[in-house]
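Biologist: Please put the structure up before we start. I have some questions about how the chains meet.

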Amino acid sequence: MDLSNTHMLDDAVVTTTIDTVVSWGREASLWPFVFGTACCAIEFMSTAASRYDISRFGAEVLRFSPRHADLLVVAGTVSYKQAPILKQIYDQMPEPKWVIAVGACACTGGFYDNYTTLQGIDEIIPVDVYVAGCPPRPEAILDAVLDIKRQLKREPKFEVRNTDFKGKLDDV
Amino acid sequence: MMSKTITLESATLFSTIKHAKEALGFTFLLDITAVDNLNKATPSSGRFELIYILRHNTFKEIQLYKVALGDEDLSIESISSLFGSADWAEREVYDQYGIHFQNHPMLKRILNHNEFVGHPLRKDYEITKGQYCTTSQDLMDEMKPLLDARKLDMNKDELMIVNLGPSHPASHGTIRTLAALDGETIVAAAAEIGYLHRGFEKSCENHNYNQIIPYTDRLNYCSALMNNIAFAKTVEEMLDVTLPDRGIFIRIILSELSRVIDHLVCLAAGLLDMGGQTNYWYLFNPRNDAYDFLSKLTGARLTNSYMRIGGMTHDLYKGWESDLNDVLKKIDFGITESLKMITHNRIYNDRIQNVSPVSASQAIDYGFTGPNLRASGVTYDLRFTDPYYYYDSFDFNMVIGSVGDTYDRMMVRFDEMHESMKIIKQAMKRIPSGEINVPNKDITMPSKESVYGGIEGMMNQFKLVIDGVKVPEGEYYGAFEAANGELGFYIVSDGSGTPYKVKVRPPSFYHMAAYPKIIENYQLADAIMTLGSLNIIAGEMDR
């Protein structure tokens, strides 16, 4: 917490800005929802397991209901068939929410440039951090979580994000 | 080497297959697929041909039946009344090629979404032509006949419909199951797949043989190297070449290590579903050590792309023996610790024994292979029945279950890991020195020195990269005992460096087809365990 511009009133009261408090809380308790579909989901399992241990960064409370989560981790290929499901899950998440696209497929479709694969999830939902790799190493996924933490500190705290985003499935 | 096929008339197909099953002993339907002859240089009798691949009940012999369809009538009699596994196989052919199967119980799309127009594996369907899907289907068209057949009514019997997946923590990927519940008991279930359909087969038709290797990695991503090896081995058999012994031994060691990794993931996730989180740490951590070994060897943890047609990219590194021994020790420790916690654990045993048993005959009818089939007591393992790569010279056992329930399916995997490690240890002792690649410049890439040092090497590399390895014209079905069962590749070559058609025979596809049937009359919580024990890998199932 950045307390450099606060005044100490005795030892009992700390004054700071509300933004600082909110982002301090948010950055240390991201609750991910893992939309794991393919190979990248297996690497996410490694990220959550004890060797890489995502809980060191406060993001170990994996939620399996989108309504409990504020970080959507899309790990794996998303097909056109899967796309409406991804959209539905994203819509069910309460604001504020962040999205990580893990791996080449989620970012761009990867080397599946074909009739069945969505060419990047940003056609459907807004993405905050893209992680390269096929699949990315667990360290890269951890780095993306750290990126989100840095990003949310800079952002306005009480605004709905990405209001101007228009996805391919938004009007249907 | 090419497979021998018997060509049939479409009118006699049903009776011939029936005869083959009942009189000739071909009781195991491996796969059904089709070939679109539109782009073939030599014109054939009709545009579409159907291929039926059957295996004999001794598990040695394979028979391919081929049927040419008339251009005006794209339909044929369904054989789903003869083989349980034909149900989904025919649906896939219908989805991908638009061929109708008469008297099929539920002929609808399976891999592509319900709003999809056209049939993507037809040669005139453009590979990049994607179609957005706006809504998911409710699956009640499949559920309604199931309930009617059981004389059940949603309202009168107070049933509840529960939708599991395709994004569900226990659905192991992208599998969707719709279950009708009476209390906690499943009275009817339907499954939907295709959420991870990534167009593997269409991509294969647009890449040369070595470019397909990375795609095979992503079929069963828990044991990527095995898919590499299975594909390379099939193409090498078409080319009639065999690897030098050192190459073969490297492949044996890496396949068995992959089998162990695959089983570790399956069991770790299965036990985690059950609440046994400590097991997950014990089984998952040694897997990470195995990945450290693989990344040191191949440069990648999960999707290694280490194999090439005719060999592999490079030899083992110096000091690999001690690294691998270390990994084996850690795996052994993890398995021992995990077994300590579950072997005499009443919760574990009571929870999964006698849950969703599959009898031997049912398992064969469903098209089960691998550990799931062996759990039902069928002695079928390609490493024993049709040994390749010197497997007959190793000392190891086939692990067989007796009941075929969830418990057996899990315990067979535990024991198979020990057997695989036995093979690895023997192979490490016996591995010879020498070449690893086929000494044929039409197949193997030249060394970097000769590419940069001379025009001949450079031209050689250029030809192999641009044209690919030229495979003689013909068709071939090659099978491999992968971690989940018989992984087959049916390849049609037109003599060029790009395959005309590749069809995977994915073990998980057939396991999944049986899943809604075997979870019936068991509780919903049991179904989660059954799914874990079947080890469905969506990448391989949906391709």
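**Pocket and interface**

Modeller: This is a predicted model. In the largest pocket, α7(B) provides the largest share of the lining, six residues.

Biologist: Which residues lie nearest the centre of the largest pocket?

Modeller: The lining counts 41 residues. Elements of both chains give two or more residues to the lining: β3 (32-36) and α2 (39-48) of chain A, with α7 and α8 of chain B. Nearest the centre are A:Met45, A:Leu62, A:Phe64, B:Pro169 and B:Leu272.

Biologist: What is the volume of the largest pocket?

Modeller: Its lining has 26 nonpolar, 10 polar and five charged residues. The space itself comes to about 950 Å³.

Biologist: How much area do chain B and chain A bury between them?

Modeller: The contact draws on 53 residues of chain B and 41 residues of chain A. On the side of chain B, B:Tyr132, B:Arg198 and B:Arg301 lose the most area, together 19% of what that side buries. Carbon and sulfur atoms carry 60% of the buried total, which is about 3900 Å².

Biologist: Which element gives the most to the side of chain B that touches chain A?

Modeller: Between the two chains, 22 residue pairs are in polar contact. Four helices of chain B each supply at least two residues to that side: α4 (200-204), α5 (209-217), α7 (245-273) and α8 (277-298). The top contributor, with 10 residues, is α8(B).

Biologist: What classes of residue make up the side of chain B that touches chain A?

Modeller: Polar contacts across the interface number 22 residue pairs. The touching side of chain B is sorted by class as 24 nonpolar, 20 polar and nine charged residues.

Biologist: How many salt bridges cross the interface of chain B and chain A?

Modeller: Over all chains, the whole structure holds 48 salt bridges. One pairs the side chains of B:Asp292 and A:Arg51, at 3.0 Å from N to O. Across the interface of chain B and chain A, the count is four.

Biologist: Why does the salt bridge of B:Glu192 and A:Lys81 join two chains?

Modeller: The closest N and O atoms of B:Glu192 and A:Lys81 are 3.6 Å apart. B:Glu192 sits in strand β9 (residues 185-192) of chain B, and A:Lys81 in the loop between β4 (71-75) and α3 (83-92) of chain A, so the pair links chain B and chain A.

Biologist: Where is A:Pro96 placed in chain A?

Modeller: A:Glu95 and A:Pro96 are joined by a cis peptide bond, with omega about -10 degrees. The place of A:Pro96 is the loop between α3 and β5 (98-102) of chain A.

Biologist: Which residue does a cis peptide bond join to A:Cys134?

Modeller: Omega for this bond is about -10 degrees.

Biologist: What is phi of A:Asn162?

Modeller: A:Asn162 lies in the segment after α5 of chain A. Its phi is positive, in a residue other than glycine. The value is near 55 degrees.

Biologist: Which pattern does chain A follow along the sequence?

Modeller: Chain A has five helices and six strands. Its C-alpha atoms fill a box of roughly 65 × 40 × 25 Å along the principal axes. Read along the sequence, the pattern is β-β-α-β-α-β-α-β-α-β-α.

Conventions:
Residues are numbered from 1 along each chain as its sequence is written. Chains are lettered from A and ligands numbered from 1 in the order in which they are written. This is a predicted model: local features need pLDDT of at least 70, side-chain atom pairs count only at pLDDT 80 or more; totals for chains, interfaces and linings use all residues. Side-chain values use heavy atoms; hydrogens and water are left out. Contact means heavy atoms within 4.5 Å. Buried area is the accessible area (1.4 Å probe) that two parts lose on being put together, summed over both. A polar contact is a pair of N or O atoms within 3.5 Å; within protein, one must be able to donate a hydrogen and the other to accept it, and residues adjacent in sequence count only if both atoms are side-chain atoms. Ala, Val, Leu, Ile, Met, Phe, Trp, Tyr, Cys and Pro count as nonpolar, Asp, Glu, Lys and Arg as charged, and the others, Gly among them, as polar. On a 1 Å grid over the protein atoms alone, a cavity is a set of points where a 1.4 Å probe fits but cannot get out, and a pocket is an open set with protein on both sides within 12 Å along at least five of seven lines; lining residues have an atom within 4 Å of a point. Grid points are joined across faces, edges and corners, and a volume is the space filled by probe spheres set on the points.
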